[in-house]
Amino acid sequence: MSHREAAAGTVVVGVDGSEGSLHALDWAVDAAAGRGARLRLVYAMSLPLVTAPLGGPIRTAPSQEVSDAAAALLAEALQRVHAAAPSLDADTEISRIEPHHALIRAAEDADLVVVGSRGLSGVRSLFLGSVAQRVAAHAPCPVVVVPPTSQEPAARRGRVVVGVDGSVHAAAALRFALVEAERLRAELVAVSAWQAPEAPVDPFTVLHADVDIDREQQVARVRDWLLRTVDDARTPLTERVPVRAEAPEDHPAAALLAEGADADLVVVGSRGRGGFAGLLLGSVSRSVLHHAVVPVAVVHVADDTR
């Protein structure tokens with residue numbers, strides 16, 4: 001049994017006391033309770049490095065005041081957890097390192113990481129947008145980024161939206177989205193956007209009706225392919241998840257943002273069919289992360305975060 005398999009069943013969430021991290025914490029509580037998983041709350045102090053005589057750099061030790069403040073913050077967060085889910089198994093971790101490193105390290109023993117899209121502002125900032133992006137790019141397990149405008153977990157819309165493009169990354173995202181839709185008792189909306197090639201059209205030889213027919217045929221072909229792709233990805237656990245296929249003529253990021261505007265979750269692969277191997281997050285996943293007003297899950301394939 002691998003290290004990941006032995007440690008499956010843990011949801012990690014970053015906390016820093018900000019309103020954004022509280023939204024992430026609430027989402028993580030709901031996700032852990034729905035999975036019957038353990039919840040781990042991670043607080044990163046981000047203590048500075050100093051150079052030791054005759055040695056390499058080391059982290060400074062936290063003062064008693066800083067240690068007490070960290071313990072108080074986590075105790076308050078645990079109270080929030082137990083108020084929402086009294087039977088949920090939850091523990092805490094305080095790290096001296098930077099937030100993204102702390103969460104990525106914690107992700108080695110987790111099957112899901114949850115982080116707010118933004119945290120405290122100014123010099124006290126911990127979980128900023130850059131942290132969410134780094135964690136989404138480098139964590140070895142799926143990462144859910146929760147925006148501060150996200151709806152409460154209880155106010156579910158019954159929709160999980162996933163981008164599908166035929167890549168291995170999209171296939172991993174689809175499998176994850178099916179499981180999430182089953183957990184949430186939600187409809188899965190599979191989206192595959194397409195764009196007609198730009199080419200000069202002679203208005204005297206091509207009728208608008210012909211163009212419309214071609215578009216209708218393309219939509220029908222993509223929808224049929226989407227439904228077959230979803231069926232191939234189903235397991236006994238997800239065989240009854242209702243599915244709707246959408247094939248908009250649009251840019252993939254724009255299509256996912258539009259379809260997912262009122263969803264419970266938008267799921268994307270870390271890279272798409274045209275992604276470069278050196279990029280840990282593709283342009284579509286980055287755009288969706290930047291602009292979504294609902295939680296976004298970024299799913300990697302094995303070993304592509306290194």
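Let me start with helix α6. It has 17 residues and reaches 24 Å from its first C-alpha to its last, close to the 24 Å expected at 1.5 Å a residue. Keep in mind that this is a predicted model.

Just past the end of α6 comes arginine 185, with a positive phi of about 55°.

Now the core. The largest nonpolar core holds 54 residues. Inside it, the residues with the most contacts are Leu39, Leu41, Val114, Leu188 and Val267. Which element gives this core its largest share? Helix α6, residues 168-184, with 8 residues. There is also a second, separate core of 37 residues, and Val135, Cys141, Val288 and Val296 are among its members. As background, nonpolar side chains tend to be buried together in soluble globular proteins.

Next, two aspartates.

Aspartate 91 sits in strand β5, residues 90-95. Its relative accessible area is 17%; the cut-off for buried is under 20%, so aspartate 91 counts as buried. What does its side chain pair with? The side chain of arginine 40, in a polar contact at 3.3 Å. Beyond its neighbours within four places in sequence, aspartate 91 is in contact with Arg38, Leu39, Arg40 and Leu41. Leu39 and Leu41 we met already, in the list for the largest core.

Aspartate 262 lies in the loop between α8 and β11. Its relative accessibility is 38%, which makes it partly exposed. Leaving out residues up to four places away in sequence, aspartate 262 touches Arg157 and Arg159. With arginine 159 there is a side-chain to side-chain polar contact at 2.6 Å. Arginine 157 is 105 residues away from aspartate 262 in sequence, yet their C-alpha atoms are 7.0 Å apart in space.

Last item: a helix pair. The axes of α8, residues 252-259, and α9, residues 283-291, come within 9 Å. They cross at roughly 35°, and the crossing is right-handed. Which residues meet there? From α8, Pro252, Ala253, Leu256 and Leu257; from α9, Val284, Ser287, Val288 and His291. Val288 is also one of the residues in the second core.

That is the tour. Questions, please.

Key. Residues are numbered from 1 along each chain as its sequence is written. This is a predicted model: local features need pLDDT of at least 70, side-chain atom pairs count only at pLDDT 80 or more; totals for chains, interfaces and linings use all residues. Side-chain values use heavy atoms; hydrogens and water are left out. A nonpolar core is a set of buried Ala, Val, Leu, Ile, Met, Phe, Trp, Tyr and Cys residues joined through side-chain atoms within 4.5 Å. Buried means under 20% relative accessible area, exposed over 50%, partly exposed in between (1.4 Å probe, protein chains only). Helices (H or I, at least four residues) and strands (E, at least two) are DSSP runs, numbered from the N terminus. The expected span of a helix is 1.5 Å times one less than its number of residues. A polar contact is a pair of N or O atoms within 3.5 Å; within protein, one must be able to donate a hydrogen and the other to accept it, and residues adjacent in sequence count only if both atoms are side-chain atoms. Contact means heavy atoms within 4.5 Å. Axes are lines fitted to C-alpha atoms, for helices over the stretch in contact, and angles run from 0 to 180 degrees between N-to-C directions. A crossing is left-handed if the near helix is turned anticlockwise from the far one by less than a right angle, and right-handed if clockwise.
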